[in-house]
Amino acid sequence: MKLPRSVLLQVLSRSFLLQASWNYEQMQSLGLIYALTPAFRRYYSGAALLAAYRRHLEYFNTHPYLATTVIGAVLKLEEQAQHGIDPGFTVGEFKSALVAPCAAMGDAFFWGAMRPVAAVVALLWAFHGSLWGPVFFIALFNLPHFWFRVQGLIKGYGGGVRVVSTLQRWHLSDWAICLKQVLVVLLGFFAAVIGAAATDNLDAGIAWGLCVAPLVLGLCALMRRRVSPLLVVLVLSLLLLSWFQLH
Amino acid sequence: MFFPALGVTVVVAILCGLDRTAAGQFMICRPIVAAPLTGWLLGEVAIGLQVGAMLELLWLGRLPVGAAIPPDDSQVAVGCTFLAIMSHAQTGMPPQAVAAASLLISMPFGKAGQLFDRLARLANARLLNKAELALDSGRFEGLERFHLRGMWHFAAASLATLTVVVGGGLLCLPLFLKYLDGPLVAAAPWIWLLFPLAGIGSLLSGLKVPRASLLFGGSFVLGLFILALR
């Protein structure tokens, strides 16, 4: 039985609540059940539905934005199992094999690259008091977010086990590295903007802004030695306050 | 003014707290969005934007990977915006000074957010156990309800963090502003620059990118050159 678009839309909308009951024991397992339910109610009833729930109430943890890819593939495999097609492994085995790579790729791409890039772009506007900053942040971050959620479900449900090749074709790890390089460039430019603002504060020539680079590198070295950024900010702010109190 | 503003702040805090993990994850919870949103609803969007811009990068490198819980910068952003707006209305101090003061005072209280978030996740494990028991007894109607109930735990954790941030701020901020108002006004433009600088350092320290020093140095010098030409 092929799932109608309305059911897939329900699954997609429920995937936004995947982590509502996130816990340390099985992480997103109840969320997975919640997302799968509209489709499962089409596939099964009574004891078969109970067995399907039991099958999937197990450890599940992946990146929330790429979870639809796994969910789509799981739905396809359940559908194929109903038609007696045996892929040579259980749905649980396939799911376990797919969640870790999706988590790693999603974490590197979304949390490690896309989010900081969107944040620095937003800050370049917000730093000058422009409200476009938050708007750019939401737009820039959520465009790939929505695209991957929707495409993940479409490709996962359309392809079943073949979704693995789709994931490879997306080259998310390569994109993450490229975006991180863009991030470093943006951070350099943002540091220059801060340097220019500092010279404005001092009424000094903009060349003095170059002093910001060693300061940033010094802070970076401190934080590489696991010094908390919060502690650094508090101590330096106290030093600044003491300086202005004394002078 | 105080209680209606606090009510609005609580609503934004819960919305952001849910967005952070439990629902959507549209990143409304990031300080650069949450703080201006709070500021806009309280009629002082500029103060919100300043708080958000100062805080955004500081903990951005702490990733919510696996079971790791980063410090709750969403509640710090929302709570500090509220505190800064209230202080600005009461003392008439410049927005930059009150934003800096509220962040310096309340940020350490934000560490409590990790504890409350952890408690919410532990409480969610009880929901899972209930769901398993329900399945064992052949009942599956309640599964979805158990799952959605987890959102209450995350909402409660957000509220608890906000209470600590705002409560701590309300206790300490008046003293801070009373004794350090002069130096604070003079130091605020520098503290305003210090926060994003520390954020840049923090982000760079966690990045493993080939030729990072070259890329950073090149874009920094080029950026300064472009700004000098303006």
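Biologist: Why is Trp147(A) called exposed in this predicted model?

Modeller: Trp147(A) has 11 other C-beta atoms within 10 Å. A residue counts as exposed if that number is 12 or fewer, so Trp147(A) is exposed.

Biologist: Where in chain A does Trp147(A) lie?

Modeller: Trp147(A) belongs to helix α6 of chain A, residues 132-159. Between Trp147(A) and Tyr65(A) there are 9.4 Å in space, C-alpha to C-alpha, and the two are 82 residues apart in sequence.

Biologist: What makes α1(A) and α6(A) oblique to each other?

Modeller: Helix α1 of chain A, residues 5-15, packs with α6(A) at an angle of about 135 degrees. Angles over 145 count as roughly antiparallel and 65 to 115 as roughly perpendicular, with the rest, apart from those under 35, called oblique. The pair α1(A) and α6(A) is therefore oblique. The axes of α1(A) and α6(A) are 11 Å apart, and their crossing is right-handed.

Biologist: Which residues meet where α1(A) and α6(A) pack?

Modeller: From α1(A) come Leu8(A), Val11(A), Leu12(A) and Ser15(A); from α6(A) come Arg149(A), Val150(A), Leu153(A) and Tyr157(A). By class, this contact has 6 nonpolar, 1 polar and 1 charged residues.

Biologist: How many residues does each chain give to the contact between chain A and chain B?

Modeller: Chain A gives 78 residues and chain B gives 79. On the side of chain B that touches chain A, the elements giving two or more residues are α2, α3, α6, α7 and α8 of chain B. The most comes from α7(B), with 27 residues. That side of chain B divides into 58 nonpolar, 16 polar and 5 charged residues.

Definitions and conventions
Residues numbered from 1 in each chain as written. Chains lettered and ligands numbered in written order. Predicted model: local features only at pLDDT ≥ 70, side-chain atom pairs only at ≥ 80, totals over all residues. Contact = placed C-beta atoms within 7 Å. Helix = DSSP H or I, 4+ residues; strand = E, 2+ residues; numbered from the N terminus. Nonpolar A, V, L, I, M, F, W, Y, C, P; charged D, E, K, R; others polar. Buried ≥ 20, exposed ≤ 12 C-beta atoms within 10 Å, placed from the backbone. Axes fitted to C-alpha atoms, helices over the stretch in contact; angles between N-to-C directions. Left-handed = near helix turned anticlockwise from the far one by under 90°.
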